[in-house]
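Keep the viewer open as you read.

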Amino acid sequence: MEKENESKIRHAETFKDQLTLRSIVLGAIGSVVITASSTYVALRMGALPWPTIFVAILSLTILKALGKTNINEINVTHTAMSAGGLVAGGLAFTIPGIWMVNPEAKVSFFTLVVVTLCGTVLGLIFTGLIRKHFIEGERLPFPMGIAASQTLIAGDEGGKKGRYLFSSLGFAAIFTALRDQFGVIPAALTSQTLFAKNIFFGAWLSPMAAGIGYIIGPLYMGTWFLGAVLSYFLIIPLGVSSGIFSSVDAATAFKNSMGIGLIVGSGVGVLIKGVLPKAKEIFAPMIKGEVEKGEVNMRWAPFVFALAALILTFLTEMSLISSILTIIGVWVTVAMAATITGQTGINPMEIFGILVLLFIKIFVKLGFIESFLIAAVVAVACGLAGDALQDFKAGYILKTEPKAQLISEGVGGLIGAFVSVVVLFIMHNAYGSMGPGTELVAPQAYAVSTMVKGLPNPFAFIVGLLLGAILYFIKIPGMTIGIGMYLPMVISTTAGLGGIVRFIMDKKYPNSNENGTLISSGFLGGEGVTGVLLAIIKVMTAA
């Protein structure tokens with residue numbers, strides 16, 4: 001498939017034709033929008049599918065309208081646009097846990113900006129160091145990167161793709177406004193009869209959730225839904241009725257701990273099988289300073305690492321030892337994120353934050369806020385790395401210079417670091433409490449909070465961890481089973497329906513998948529942007 005696509009690109013434009021002023025300006029503006037919507041999606045949904053296809057089409061549509069563009073300029077533009085979205089994910093998947101543990105906790109805006117910026121810079125540098133190994137050496141699929149390159153190669157087909165994208169975006173925006181602002185549409189469909197039997201089944205009425213399920217696809221969405229079924233149809237109702245658990249709360253603690261354990265165990269499997277045996281070849285370019293035409297020489301990277309450690313130590317609540325260990329942890333977990341993202345298209349960034357947090361806890365007694373800051377630095381770095389590598393995959397196929405993409409990724413990521421903190425504070429002020437049972441469920445941040453305040457059921461976590469590692473080695477996606485176990489059922493149901501639609505479409509209409517992905521991307525963008533606007537309105541009217 002890659003060779004076929006490459007043959008359609010007869011030549012590569014020069015660096016100045018790829019990284020243009022307008023590509024940076026448009027990429028920066030797009031990063032603001034994508035970051036804001038992604039923060040909202042992450043807090044409301046507990047999942048953050050790649051914005052890659054959305055921004056690829058958006059960049060294509062805008063630059064085609066402006067005229068005199070080329071496929072590499074479009075690729076560089078969408079690289080900048082998408083970067084902030086995964087930075088937002090790293091922040092939203094960790095920091096809200098602070099307020100889950102202590103609703104009255106105070107963490108400054110400045111501290112979070114520093115932490116997010118450091119995570120962004122670290123992720124950018126480590127990604128630049130390992131790009132060649134994972135993109136050109138391992139040649140991992142990075143499915144969203146391939147999809148983006150195919151979309152750009154195909155062009156806009158007379159504007160048809162743009163119509164699919166913007167029509168679904170408009171529909172989702174109107175639907176969200178009718179649901180959240182005017183109350184015309186209920187937020188979810190539930191059954192009081194089933195609830196009375198401790199079967200907490202329902203469906204969230206959300207185009208975004210359905211779009212997430214469609215993009216993730218039937219395999220990983222199926223295992224995600226399997227985890228939800230195990231939790232909400234077996235563990236909770238049968239566990240309570242049979243007397244295994246004393247209450248619904250006890251059963252919920254068990255299933256949440258096991259779900260988190262499955263995800264962490266899968267991460268350990270990636271480390272043992274995918275990263276450690278290849279550590280030398282993955283990180284050799286950093287040691288030797290080897291670069292080729294179009295790449296960035298990063299022999300200066302160690303000085304930035306030292307500076308980042310000092311900044312985190314003196315400008316945040318992190319100690320020097322924990323700052324140094326965090327940077328070392330980022331080094332390892334970015335490689336883990338590259339492996340699992342390249343193989344599955346899923347990037348569990350908060351789990352990498354948990355892994356580093358657990359490791360540092362062995363050596364250092366951590367403060368309450370400090371623990372979350374460590375997880376945030378790691379999650380932001382791994383989130384940015386996953387996004388950048390998807391974009392680098394598209395760039396490898398399209399013959400875009402890595403240096404141009406790395407610069408644009410940096411612009412989008414740094415803007416996203418600031419915007420994501422702004423939106424997080426807006427959402428917190430608008431909705432107040434966060435976590436299970438609230439409008440901002442933020443389940444990933446809840447998972448991090450359980451590690452900070454103590455696991456509700458350590459035995460279930462250990463069992464899940466062992467199972468997760470075993471399932472990874474036998475190539476069963478235990479990570480998505482774990483996600484389904486601790487997410488609310490209403491989210492998993494709607495996302496599962498999206499996965500079913502994808503399965504049916506792949507079987508009956510195999511050539512329509514690209515259009516389905518565009519429509520789903522529009523659902524994400526429309527609901528995400530509208531949700532942020534409504535949150536801003538809520539804060540302004542309250543003030």
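Helix α3 is mostly covered, with 18 of its 25 residues buried. Keep in mind as you look that this is a predicted model. The helix runs over residues 21–45, and at 1.5 Å a residue it should span 36 Å; the end C-alpha atoms are 35 Å apart, so the two values agree. Just past the end of α3 comes Gly 46, which takes a positive phi of about 75°.

Now for the space beside that helix. A search of the whole structure turns up one cavity of 30 Å³ or more. About 150 Å³ of space lies in the largest cavity. Its lining is made of 12 residues, and the ones nearest the centre are Ser 37, Ser 38, Pro 51, Leu 524 and Gly 525. Which of them gives the most to the lining of the largest cavity? That's α3, with four residues.

On to the open side of things. The largest pocket has a volume of about 860 Å³. It is lined by 37 residues, and those closest to its centre are Trp 50, Met 144, Ile 215, Ile 216 and Gly 345. Quite a list of helices supplies at least two lining residues each: α8, α11, α12, α17, α22, α23 and α24. The largest share comes from α8, which puts in five residues.

Next, have a look at Gln 390, which is found in helix α18 (residues 368–398). Is Gln 390 buried or exposed? Its relative accessibility is 0%, so it counts as buried. If you leave out residues up to four places away in sequence, Gln 390 touches Trp 50, Phe 142, Pro 143, Met 144, Gly 145, Thr 341 and Gly 345.

Time for the aromatics. The whole structure holds 13 aromatic pairs. One of them is Phe 109 with Phe 425, a tilted pair at 5.8 Å centre to centre and 55° between the planes. Phe 109 sits in helix α7 (residues 109–137) and Phe 425 in helix α19 (residues 402–431), so this pair ties together parts that are 316 residues apart in sequence. Phe 109 is partly exposed, at a relative accessible area of 32%, while Phe 425 has 19% relative accessibility and counts as buried; the cut-off for buried is under 20%.

The charged end of Arg 131 sits over the ring of Phe 392, 5.8 Å from the ring centre. Lys 403 has its charged end over the ring of Phe 15, with 5.7 Å to the centre.

How values were computed. Residues are numbered from 1 along each chain as its sequence is written. This is a predicted model: local features need pLDDT of at least 70, side-chain atom pairs count only at pLDDT 80 or more; totals for chains, interfaces and linings use all residues. Side-chain values use heavy atoms; hydrogens and water are left out. Buried means under 20% relative accessible area, exposed over 50%, partly exposed in between (1.4 Å probe, protein chains only). Contact means heavy atoms within 4.5 Å. The expected span of a helix is 1.5 Å times one less than its number of residues. Rings of Phe, Tyr and Trp (its six-membered ring) pair if their centres lie within 6.5 Å; planes under 30 degrees apart count as stacked, over 60 as edge-to-face and the rest as tilted. A charge sits over a ring if NZ of Lys or CZ of Arg is within 6 Å of the ring centre and within 35 degrees of the ring normal. On a 1 Å grid over the protein atoms alone, a cavity is a set of points where a 1.4 Å probe fits but cannot get out, and a pocket is an open set with protein on both sides within 12 Å along at least five of seven lines; lining residues have an atom within 4 Å of a point. Grid points are joined across faces, edges and corners, and a volume is the space filled by probe spheres set on the points.
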